[in-house]
Amino acid sequence: MRTSKFIEDVLDPRRDMLMAAWGQERVDRVEDEHRALVAMCRSSASLQASINGHTHQTMFNDAWGDLLAKPFVHLRSFCGGLAMSFANTTSVESDFSILKCENDSFRQSLTALSVEGIFQTKQLGAIREMLGLITPPDGEEEEEDE
């Protein structure tokens with residue numbers, strides 16, 4: 001996708017949210033990294049073939065693995081956010097039930113972005129706990145066995 005088309009169709013509809021969350025410099029880096037990626041694809045037939053070989057079943061990290069020589073940190077972060085599934089009412093209601101959470105006066109809409117963020121935060125905590133990835137809060141050291 002040409003960078004101008006990427007900006008028009010992908011970045012611009014999200015620009016206000018991106019500017020609030022990331023700021024102008026980081027949004028500019030996403031654009032710059034996209035330009036660099038397009039140039040890299042144009043100059044490398046093998047990279048272009050590799051990218052074109054991916055399907056909708058290719059895992060996100062596997063697809064980005066083709067670009068390890070140049071990490072495109074900001075572009076990858078942005079695209080990772082786009083790759084997330086957006087919840088519909090049914091899945092959010094299911095999440096409420098699974099997480100034993102209720103819609104209260106501060107959460108008027110089940111599909112509000114803030115509520116989805118709450119669920120994802122709770123889910124991340126649960127996943128880290130399951131995988132044993134819990135780290136102590138900032139400023140607290142783990143006690144060492146003596």
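Author: On the other side of α3, E25 and S43 are exposed (over 50% relative accessible area; buried is under 20%, partly exposed in between, with a 1.4 Å probe and protein chains only). This is a predicted model, where local features need pLDDT of at least 70 and side-chain atom pairs count only at pLDDT 80 or more, while totals for chains, interfaces and linings use all residues. Residues are numbered from 1 along each chain as its sequence is written, and side-chain values use heavy atoms, leaving out hydrogens and water.

Reader: Which residues of α3 are buried?
Author: V27, V30, E31, E33, H34, L37, V38 and C41. They sit on the same side of α3, because their arc around the axis is only 160°, taken from the directions from the helix axis to the C-beta atoms.

Reader: Why does H74 count as buried?
Author: Its relative accessibility is 16%, so H74 falls on the buried side of the cut-off. H74 lies in helix α6 (residues 73–83) and, beyond neighbours within four places in sequence, has contacts (heavy atoms within 4.5 Å) with W22, R26, R29, V30 and E33.

Reader: What angle do α1 and α3 pack at?
Author: About 135°, with the axes of α1 (residues 3–11) and α3 10 Å apart. That makes α1 oblique to α3, because under 35 degrees is roughly parallel, over 145 roughly antiparallel, 65 to 115 roughly perpendicular and the rest oblique. T3, F6, I7 and L11 of α1 make the contact with V30, E31, H34, R35 and V38 of α3.

Notes
Helices (H or I, at least four residues) and strands (E, at least two) are DSSP runs, numbered from the N terminus. Axes are lines fitted to C-alpha atoms, for helices over the stretch in contact, and angles run from 0 to 180 degrees between N-to-C directions.
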